[in-house]
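Subject: A structure for you to look at

Hello,

I am passing on a structure that you have not seen before, with my notes below it. Please have it open while you read.

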Amino acid sequence: MSGIYIHIPFCKQACHYCDFHFSTSMKKKDQLIFALAKEMELRKDEFKNITVETIYFGGGTPSVLSADELQYLIDSVYLNYKVTDNPEVTLEANPDDLNEEVIIKLSKSPINRLSIGIQSFYEKDLKLMNRAHNAQEAKRCLQLATLYFDNISLDLIYGIPNSTNAEWLDNIQTALSFGVPHISSYALTVEPKTALASFIAKGIIDNVDDDLAHEQFHILIEQLEQAGFDHYELSNFGKKGFYSKNNSAYWLGKPYLGIGPSAHSFNGDQRAWNVKNNAIYISKINLNQLPLEVETLTVNDKYNEYVMTGLRTIWGVSLDKIEKQFGESFLEYLLQQANQYINKQMLYIEDNNLKTTKTGKFLSDGIASDLFKII
């Protein structure tokens with residue numbers, strides 16, 4: 001499985017917590033769309049022996065593009081790459097962009113999966129995060145989207161300052177009431193240089209409470225598992241047949257091509273990333289130059305990445321793969337480092353795969369870092 005990720009770096013307004021690359025100015029939108037198509041052409045040889053199985057529009061806010069603009073970019077994928085018969089085509093979208101007319105147009109396009117950034121159904125949370133939609137728009141958009149799309153994911157954020165567990169439970173139940181088959185949920189994190197970090201530093205907003213986030217994470221798992229969802233990755237819950245194929249490819253170490261400013265790519269041996277600047281990106285592409293940096297991964301890098309991603313997933317870290325791909329010394333090291341967490345019942349081995357227990361899940365990134373091979 002392999003995928004193409006297309007980064008749309010535009011938003012109507014800046015969410016207070018976001019540190020992704022985006023611009024609130026649409027002045028260069030047309031130029032950037034043409035540059036995205038041209039980058040696909042310039043990089044087609046990278047995927048000449050690979051079949052594309054997923055196309056993912058991320059951002060930013062891809063739903064600020066029209067259905068025709070999205071179709072142009074999808075056509076560019078087909079023009080330059082070999083695409084499987086029925087690819088998963090995902091559009092990240094905000095509720096304020098999804099009226100019925102837009103949803104109907106999208107449903108008639110190759111886009112067959114929506115990932116909707118709800119974050120919360122509480123007005124006070126949306127205002128704190130500076131989201132562009134309100135709670136009523138969130139509910140209305142899901143009512144409409146479920147009429148025209150079967151494959152819908154929605155995002156929820158937990159650990160929001162001054163939120164209660166009762167409110168969080170209500171958020172989850174409201175999300176479930178729409179019958180969506182996939183939910184992605186993330187703890188609110190304070191990234192440097194964001195508005196949220198500034199407000200917390202000035203005492204305008206209370207700091208994030210890790211204990212609250214931990215409690216709400218376990219409420220989330222309990223509620224979604226009761227509702228028939230598989231907790232297949234740390235932040236992702238899906239019903240059978242509705243796991244994100246695009247994201248699963250990342251976690252399983254499959255190759256992917258990132259198109260657009262700030263987009264990352266991976267081919268198994270190298271990681272590459274484009275410049276985080278729209279103007280520089282456009283000018284370089286117009287000169288037939290790729291505005292990217294490339295890093296060749298060491299054996300340790302590959303091992304560390306596999307351990308990190310594997311522990312976050314339902315599949316865990318395959319001990320057979322560690323031995324075959326990295327050798328017996330890496331396997332011995334992994335088991336030696338993992339032993340303390342197995343004794344603490346945070347890790348366990350099942351069918352020769354190293355996995356996190358329910359207790360260990362929330363701490364999986366920290367546990368993984370203790371299993372890393374550092375030179």
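Glutamate 350 stands opposite asparagine 353 in strand E15, and tyrosine 348 has lysine 355 of E15 as its bridge partner. These pairs belong to strand E14 (residues 347-350) and E15 (residues 353-356), which pair in the antiparallel sense over four bridges. Helices (H or I, at least four residues) and strands (E, at least two) are DSSP runs numbered from the N terminus, and two strands pair if DSSP finds at least two bridges between them.

Before going further, please note that this is a predicted model, in which local features need pLDDT of at least 70, side-chain atom pairs count only at pLDDT 80 or more, and totals for chains, interfaces and linings use all residues. Residues are numbered from 1 along each chain as its sequence is written, and side-chain values use heavy atoms, leaving out hydrogens and water.

Back to the strands: E14 and E15 form a hairpin with two residues between them, and aspartate 351 in the turn has a positive phi of about 50°. An open sheet of three strands runs in the order E13-E15-E14, with antiparallel pairing. Its edge strands, E13 (317-318) and E14, each pair on one side only.

Now to the helices. H11 (residues 299-311) and H12 (residues 319-326) pack at an angle of about 170°, with their axes 12 Å apart (axes are lines fitted to C-alpha atoms, for helices over the stretch in contact, and angles run from 0 to 180 degrees between N-to-C directions). That angle makes H11 roughly antiparallel to H12 (under 35 degrees counts as roughly parallel, over 145 as roughly antiparallel, 65 to 115 as roughly perpendicular and the rest as oblique). Val299, Lys302, Tyr303 and Tyr306 of H11 meet Lys321, Ile322 and Phe326 of H12, where contact means heavy atoms within 4.5 Å.

H12 also packs against H13 (residues 328-343), at about 140° with axes 7 Å apart, so H12 is oblique to H13. On the H12 side, the contact is made by Leu319, Ile322, Glu323 and Phe326; H13 brings Glu328, Phe330, Leu331, Leu334 and Leu335.

What does Isoleucine 4 touch? Not counting residues up to four places away in sequence, its contacts include Phe47, Val52, Tyr81, Leu257 and Ile259.

Happy reading, and do write back with your thoughts.

Best wishes
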